[in-house]
Amino acid sequence: CTEVEPLSLLEKTLFTVDELTGLITACALIRPSKSVLDLERKSVLKKWKQASFAAGVDREVIRKGAAMLGREVNDIIDDVIAAMRQAASELGLGSPA
């Protein structure tokens, strides 16, 4: 398997957020609300540091993607949480019924 380097802005963005959405989803699902609506960056960063949490998420891919985009990881986390909030119901991460 050969890894293809992302070149376009879209490829770089998808490269970065694919792993990050997995981490954010895992963080939301362990919350009492099981929702992304009340999830904050601070909670994601706390779990980021625990290698055993969402162990399949390659944090280095997220860091590398952020660097390719010329963005800070914290800003990307904020943007992805905001985007996931907009689609929370469709993702099954909205307010509990």
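This note goes through the predicted model point by point, from the overall fold to single residues.

1. Basis of the note. The model is predicted, and local features are taken at pLDDT of at least 70, side-chain atom pairs count only at pLDDT 80 or more, and totals for chains, interfaces and linings use all residues. Residues are numbered from 1 along each chain as its sequence is written, and side-chain values use heavy atoms, with hydrogens and water left out.

2. Secondary structure. The chain has five helices and zero strands, where helices (H or I, at least four residues) and strands (E, at least two) are DSSP runs numbered from the N terminus. Read along the sequence, the pattern is α-α-α-α-α.

3. Overall dimensions. The radius of gyration of the chain, taken over C-alpha atoms, is 14 Å, which agrees with the value near 13 Å that a compact globule of 97 residues would have; the globule rule used here is 2.2 Å times the number of residues to the power 0.38. Along the principal axes, the C-alpha atoms fill a box of roughly 45 × 25 × 25 Å.

4. Of the 97 residues, 32% count as buried, where buried means under 20% relative accessible area, exposed over 50%, and partly exposed in between (1.4 Å probe, protein chains only). The accessible surface comes to about 6100 Å², of which 55% belongs to carbon and sulfur atoms; such areas come from the Shrake-Rupley method with a 1.4 Å probe, and for residues only the protein chains shown count as cover. Among contacts (heavy atoms within 4.5 Å) between residues at least 6 apart in sequence, 68% join residues at least 24 apart.

5. Charges. The chain carries 13 positive and 14 negative charges, and their mean positions are 9 Å apart. In this count Lys and Arg are positive and Asp and Glu negative, while His and the chain ends are not counted; the place of a charge is taken as NZ of Lys, CZ of Arg, CG of Asp or CD of Glu.

6. A salt bridge between separate parts of the sequence. Side chains of opposite charge can pair when their charged atoms come close. The structure holds six salt bridges, each defined as a side-chain nitrogen of Lys or Arg within 4 Å of a carboxyl oxygen of Asp or Glu. One of them joins Glu5 and Lys64, with the closest N and O atoms 3.7 Å apart. Glu5 lies in the segment before α1 (9-29) and Lys64 in helix α3 (residues 59-69), so this pair ties together parts that are 59 residues apart in sequence. Both partners are partly exposed, Glu5 with a relative accessible area of 41% and Lys64 with one of 35%.

7. Two further salt bridges. Arg31 and Asp38 meet through their side chains at 3.2 Å, N to O; Arg31 is partly exposed at 21% relative accessible area, and Asp38 is partly exposed at 33%. Asp79 and Arg71 also form a salt bridge, at 2.6 Å from N to O, with Asp79 partly exposed at 40% and Arg71 partly exposed at 37%.

8. Backbone angles to check in the loops. Lys34, in the loop between α1 and α2 (41-48), has phi near 55°, a positive value in a residue other than glycine, and Lys34 is partly exposed with a relative accessible area of 45%. Ala54, placed in the loop between α2 and α3, likewise has a positive phi, near 50°, in a residue other than glycine; the relative accessible area of Ala54 is 22%, which puts this residue in the partly exposed class.

9. Surroundings of Ser43. Ser43 sits in helix α2 and is partly exposed at 24% relative accessibility. Leaving aside residues up to four places away in sequence, Ser43 touches Cys27 and Arg31, and Arg31 is also the salt-bridge partner of Asp38.

10. Position of Asp78. Asp78 belongs to helix α4 (residues 73-86) and counts as partly exposed, at 29% relative accessibility. From C-alpha to C-alpha, Asp78 and Val17 are 11 Å apart in space, and they are 61 residues apart in sequence.
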